[in-house]
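Try each one before you read its solution.

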Amino acid sequence: MNEIASLLTSVRDRQPLIHNITNQVVTNFTANGLLAMGASPVMANAEEEAADMAAVADALVLNIGTLTTPQVNAMLKAGQAANQKGVPVVFDPVGVGATSFRNMVALRILEEIDVSLIRGNAGEIAFLAGADAEMKGVDSAFQGDGRRIAVEAAKQLETAVVLTGEEDVITDGNSLYLCGNGHQLQTKITGAGCLLSSVTAAFLAVGGDKLSAAAAAVSYYGTAAEFAASASDGPGGFQSAFLDALYQVEEEGWRKKMQLKRVDG
Amino acid sequence: MNEIASLLTSVRDRQPLIHNITNQVVTNFTANGLLAMGASPVMANAEEEAADMAAVADALVLNIGTLTTPQVNAMLKAGQAANQKGVPVVFDPVGVGATSFRNMVALRILEEIDVSLIRGNAGEIAFLAGADAEMKGVDSAFQGDGRRIAVEAAKQLETAVVLTGEEDVITDGNSLYLCGNGHQLQTKITGAGCLLSSVTAAFLAVGGDKLSAAAAAVSYYGTAAEFAASASDGPGGFQSAFLDALYQVEEEGWRKKMQLKRVDG
Amino acid sequence: MNEIASLLTSVRDRQPLIHNITNQVVTNFTANGLLAMGASPVMANAEEEAADMAAVADALVLNIGTLTTPQVNAMLKAGQAANQKGVPVVFDPVGVGATSFRNMVALRILEEIDVSLIRGNAGEIAFLAGADAEMKGVDSAFQGDGRRIAVEAAKQLETAVVLTGEEDVITDGNSLYLCGNGHQLQTKITGAGCLLSSVTAAFLAVGGDKLSAAAAAVSYYGTAAEFAASASDGPGGFQSAFLDALYQVEEEGWRKKMQLKRVDG
């Protein structure tokens with residue numbers, strides 16, 4: 001796992017430019033989280049410039065949390081530009097299943113763009129894989145088997161999948177990593193999943209093997225949450241301490257806390 | 001007042017889904033505040049999905065702080081869907097009186113949607129009730145009698161009104177509650193009023209009697225602000241401590257601090 | 001420098017209304033920063049009301065960080081209304097140089113609006129002055145001479161310029177101030193530059209001499225950052241402590257830390 005931990009240093013050395021077309025609830029937290037970890041965030045939502053920005057970025061994140069039709073157009077143009085340049089694309093299908101507009105947009109993104117990785121909760125991933133899931137807002141009350149859902153979705157959609165929950169699953173449909181890092185306070189702040197999608201994009205931007213890079217992102221992020229939780233009394237303090245931890249966590253401290261297990265298919 | 005305090009436990013047990021169509025300044029703080037108190041926030045601004053989301057929500061919040069025409073259309077569709085399903089609608093007329101566009105939109109919402117409750121400051125409520133008020137940005141320099149303005153507005157507009165200021169007034173035009181909880185630091189952070197509108201929606205979503213539910217929201221919120229202020233040196237620390245307090249305040253601690261007085265008409 | 005320090009008291013006494021048409025990443029932080037320092041923020045992006053709001057504001061800020069075409073229209077209308085009423089306009093050309101859309105909008109703003117002051121980093125200012133600059137996201141890797149770039153831009157564009165970096169330069173093309181206040185953690189949070197543009201607008205709104213007012217803003221802001229950095233362990237805590245410091249810094253404490261040098265041309 002030393003190789004995995006070294007990816008954090010690569011991110012901090014290269015400061016990859018992460019282009020986020022994301023929802024308006026989490027733009028600030030996403031930008032601050034990326035800066036704290038050592039990456040370079042940029043947000044550009046307009047159809048007129050999304051493709052230009054994606055083409056010079058090191059990774060692109062598409063997040064459908066607060067969709068509008070102009071933003072969808074920007075996402076499609078940015079995604080196509082990223083595909084042409086070989087820039088990795090992370091897709092965060094926030095709340096898919098909740099409305100037919102959101103479902104239609106999610107399916108269109110998957111059809112028209114070659115997505116490198118999808119990050120979502122069990123309900124969102126299950127929906128994309130065609131399973132039924134009871135939605136509770138943008139969170140999921142889905143009680144299925146996370147590992148099975150993630151593998152099934154990765155196979156069907158021919159992409160890597162990060163399914164987050166009590167146990168995080170990272171898979172390409174064949175191999176998988178399981179990650180036990182993280183803290184319950186992550187569910188008490190908005191954007192914890194969205195920021196992870198962007199952090200994963202930063203690791204993909206510098207990493208060689210996609211699955212290892214995604215596993216690194218998930219474990220680093222969960223470890224930072226554990227440090228932050230031990231320094232806070234509630235979600236307000238946690239949010240602040242989490243940004244501090246993303247900034248402060250180093251390879252060595254992370255390796256001691258790392259709860260990653262690789263399972264080959 | 002024990003019955004009122006018990007509504008907080010109801011919110012935390014039921015985790016009502018609160019659909020917010022709100023201004024872009026406060027989306028993050030609103031989502032974090034609702035999560036901290038134990039409710040489930042969702043933001044969905046697009047015309048294409050606003051009605052679908054409102055129809056499955058437990059309450060809807062319409063906030064006109066940073067209007068755009070597409071968002072107005074989304075508000076009207078969401079409001080109508082909420083009305084059809086009996087979902088309570090809270091209206092926050094941020095900055096009404098400041099521009100004719102804002103005034104026109106506010107009046108259109110009141111005409112086309114059956115609003116359960118309006119939450120605003122004295123200037124905003126006075127404007128809706130037809131009085132003149134000198135506006136200072138989106139805050140109010142109105143010096144009138146809050147109780148009189150709130151009762152007059154509730155009667156004219158046939159809805160419940162929460163008028164916030166040094167003394168908060170909660171009224172349906174007949175009975176009223178006065179609330180003395182709160183802290184001056186609330187005026188030094190953006191979105192303190194906006195988040196209260198959403199917190200009130202969460203109480204309306206679980207409460208029986210509308211007036212009591214609104215009074216509960218205002219007192220719980222002000223009590224959390226008092227705890228937060230005692231733990232902070234300025235508005236940055238206060239913002240963080242306030243989210244912690246919304247998370248931590250329990251029925252018993254609240255009851256000891258509750259400053260609510262019911263006045264029957 | 002006593003006269004400069006006294007401008008802070010003027011801002012707090014007059015609480016100028018600052019109309020921000022800004023990017024969606026920093027709306028919340030900008031509003032909270034302006035409130036913390038003692039000004040009154042308002043955000044209004046819609047074409048339908050931007051001119052009305054600008055006409056009653058004490059200063060207007062145009063920030064192109066997350067452009068959309070409707071927002072550009074709102075900026076142009078607001079800028080023209082501000083010009084007609086003599087309301088100072090601050091322009092923040094975030095990320096100019098990164099896409100042709102952004103470049104086109106920046107040039108259009110400079111052509112159609114009489115801008116009182118431009119605040120940007122070396123790469124952004126150099127781009128506007130016609131120099132080449134290698135862009136890294138919305139930050140700049142430009143290694144040129146900040147003083148020379150700022151003076152050249154101020155002359156060419158016939159406006160005041162604040163160029164921020166390790167050494168901040170404030171110039172009207174003839175005289176200049178150099179400011180050494182500030183802290184490296186400002187580069188680790190999003191919106192530190194954007195908020196400075198709005199804080200500068202608040203000083204312009206109350207100040208007589210434009211150059212002195214801008215120098216005051218930059219030094220006050222950097223001093224607050226220094227206090228905040230000494231009270232924080234990372235960017236999360238810094239963000240919160242910075243808002244506290246903007247609230248707490250008083251004339252006397254500031255004067256002791258002030259690192260401002262005037263150089264006449």
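**Exercise 1.** How many residue pairs are in polar contact across the interface of chain A and chain C? Then look for salt bridges and list the elements of chain A that take part.

*Solution.* Keep in mind that this is a predicted model.

Step 1. Go through the interface of chain A and chain C and pick out the polar contacts: the rule finds 12 residue pairs, with both residues at pLDDT 80 or more.

Step 2. Next, see which parts of chain A are involved. The elements giving two or more residues to the side that touches chain C are α2 (27–37), β2 (40–43), α3 (47–56) and α10 (235–248) of chain A. Of these, α2(A) gives the most, with six residues.

Step 3. Sort the residues on that side of chain A by type, and you get 12 nonpolar, 10 polar and five charged.

Step 4. Now for the salt bridges between chain A and chain C: the count is one. It's a salt bridge because a side-chain nitrogen of Arg lies within 4 Å of a carboxyl oxygen of Glu. The partners are A:Glu49 and C:Arg102, whose closest N and O atoms are 2.7 Å apart.

**Exercise 2.** Work out how much area chain A and chain C bury between them, and which residues of chain A lose the most.

*Solution.* Step 1. Start with who takes part: chain A brings 27 residues to the contact and chain C brings 29 residues.

Step 1. Together the two chains bury about 2200 Å², and 52% of that is on carbon and sulfur atoms.

Step 2. In chain A, the residues that lose the most area to chain C are A:Leu35, A:Glu49 and A:Tyr247, together 23% of what that side buries.

**Exercise 3.** Is chain A compact or extended for its length?

*Solution.* Step 1. Count the elements in chain A: 11 helices and 11 strands.

Step 1. The radius of gyration of chain A is 17 Å, close to the 18 Å from the globule rule for 265 residues, so chain A is as compact as a globular protein of that length.

Key. Residues numbered from 1 in each chain as written. Chains lettered and ligands numbered in written order. Predicted model: local features only at pLDDT ≥ 70, side-chain atom pairs only at ≥ 80, totals over all residues. Heavy atoms only, no water. Contact = heavy atoms within 4.5 Å. Buried area = accessible area lost by both parts, 1.4 Å probe. Polar contact = N/O pair within 3.5 Å; in protein donor to acceptor, adjacent residues only side chain to side chain. Helix = DSSP H or I, 4+ residues; strand = E, 2+ residues; numbered from the N terminus. Nonpolar A, V, L, I, M, F, W, Y, C, P; charged D, E, K, R; others polar. Rg over C-alpha atoms; globule rule 2.2 N^0.38 Å.
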